[in-house]
Amino acid sequence: MVCFFLKACACSVVECMPGEADSMKSYIGAIDQGTTSTRFMVFDKAARVVAVAQKEHEQIFPRPGWVEHDALEILRRTEEVIGEALEQRGLRASDLAAIGITNQRETTVVWDRRTGEPVTNAIVWQDTRVAEDVAHFASAGGQNRFRAQTGLPLSTYFSSLKLRWILKNVEGAKEKAADGHLLFGNVDTFLVWNLTGGPKGGVHVTDVTNASRTQLLNLETLDWDEKLLSAFEIPRTMLPKVRSSSEVYGAAKLAAIEGVEIAGILGDQQAALVGQACFRAGEVKNTYGTGCFLLMNIGERAVPSNFGLLTTVAYKIGSAAACYALEGGVAIAGALVQWLRDNLGMIEKSADIETLARTVKDNGGVYFVPAFSGLYAPYWKENARGVIAGLTRYANKGHMARAVLEATAFQTREVVEAMEKDSQIALTSLRVDGGMVANDLLMQFQADILNREVVRPVIQETTALGAAYAAGLAVNFFSGLEELRRNWAVDQTWKPNFSEPEREELYRHWKKAVKRSFDWAEP
């Protein structure tokens, strides 16, 4: 096998010629474990989808602001979709070169290494139960107290305070952790550990992208920071080993995929960045899922943000240098459509929102700020709460539906403006992916309010594809980044149509509505 280095913008990656043994494998697999569902997808070398199976899991809301998942249910769904997807095409484990994993980030799982049993439900990234802890930690150094080391402000969003809460509030957890019996991980770690043997030799690892979302990783050393562990009162013995995003971690023991190497891990948003082939500094993608997340590749140097964004690890391919990204996260995007469907019953299925929104020509003066869990970038307002503004008797269901869609586009513009200020790079177009990009009305409004072209790729399953790419690079299924770039192609482009006065008038009212959401929740 012949290897050499290729420079991609500021990021170097190892490129390898595929070996003969790997050429016998026709497909690459990807587990895409998201906030609301789990998918298993099989891709061929041209990044075409060969098979896919998907199942939802329960969203648990024990109290206002609390959001939980049953980690064992997620594991069961993962095993089920793997079996179903392979069965669709009559595939066997021997057909897969490797499997990659991408996952909802920050969602915190703690389990007993002896049994595999979680000590409590997983605390989801949207959960706000640690809001008082955020205020407590910020009182001794400010909200940016740990930003220099981690790239992250103090927030309910990240894993650190969730893990601390479990150790302090779940009976017996602190003592078991001190005795070395408990393991911690985001969902990627929990799945890898179980798929590679669980209590019988399961591999306890995470990759740099997921580790960078815990607020426990030092961005410079790419290892757990002892001072941060001390501040958050977390035993290092609980933490997984930090590895690159693309390497062989271990072989699967699950019957359907027994012997297949787990060889790639990327947090969901970083996976979409890789799936969109954003390998050059300045390239940006936006994923419209449960939340909405923009990432810009900034190369091999971790640039701090001055405008409310996060600095995070974009990816690390094998032994090559890590690449970093600026990120702007919106907590509620597709979740707002689900809320309209499930809580208010205005639509039967999520796709119906476009039809309902098209019954009116504009939002009728209605603006919906979905600060259900506070506001993320660029505000970082933990005590903001959802607001519907501008209601009159003229407003109807169509206006509400349009306001729900427009909220995602408005929030995206806020993040883009912050990103341009931090990077000093003006965006010419926005690459988009995720479930909501099938909504043509939303995509056109996004182009209109941004005054930028919005580009949807042919292959829209970019999150799962990014995980497949990471795994494929590790086992030489893919030859390198140039091959991945060639797989990227444009499906549709939306161009802005609004006049400048129209665009700015809408945005001005949006900003006015956002301010109404501030400081609603009281201690």
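This is a predicted model: local features need pLDDT of at least 70, side-chain atom pairs count only at pLDDT 80 or more; totals for chains, interfaces and linings use all residues.
R213 is buried, with a relative accessible area of 0%.

**R213 and E106**
- R213 pairs up with E106 through their side chains, in a salt bridge with an N to O distance of 2.7 Å.
- E106 sits in the loop between strand 7 and strand 8, while R213 is in the loop between helix 8 (208-211) and strand 12 (217-218), so this pair ties together parts that are 107 residues apart in sequence.
- E106 is buried too, at 2% relative accessible area.

**D268 and R105**
- The side chains of D268 and R105 also meet in a salt bridge, at 3.3 Å from N to O.
- D268 belongs to helix 10 (residues 268-275) and R105 to the loop between strand 7 (96-103) and strand 8 (109-112), so the bridge links parts that lie 163 residues apart in sequence.
- Both D268 and R105 are buried.

**A pair within helix 13**
- E417 and R413 form a salt bridge, with their closest N and O atoms 2.9 Å apart.
- These two are 4 residues apart in helix 13 (residues 397-423), so about one helical turn separates E417 from R413.
- R413 is buried at 9% relative accessible area, whereas E417 comes out as partly exposed at 25%.

Note on methods:
Residues are numbered from 1 along each chain as its sequence is written. Side-chain values use heavy atoms; hydrogens and water are left out. A salt bridge is a side-chain nitrogen of Lys or Arg within 4 Å of a carboxyl oxygen of Asp or Glu. Buried means under 20% relative accessible area, exposed over 50%, partly exposed in between (1.4 Å probe, protein chains only).
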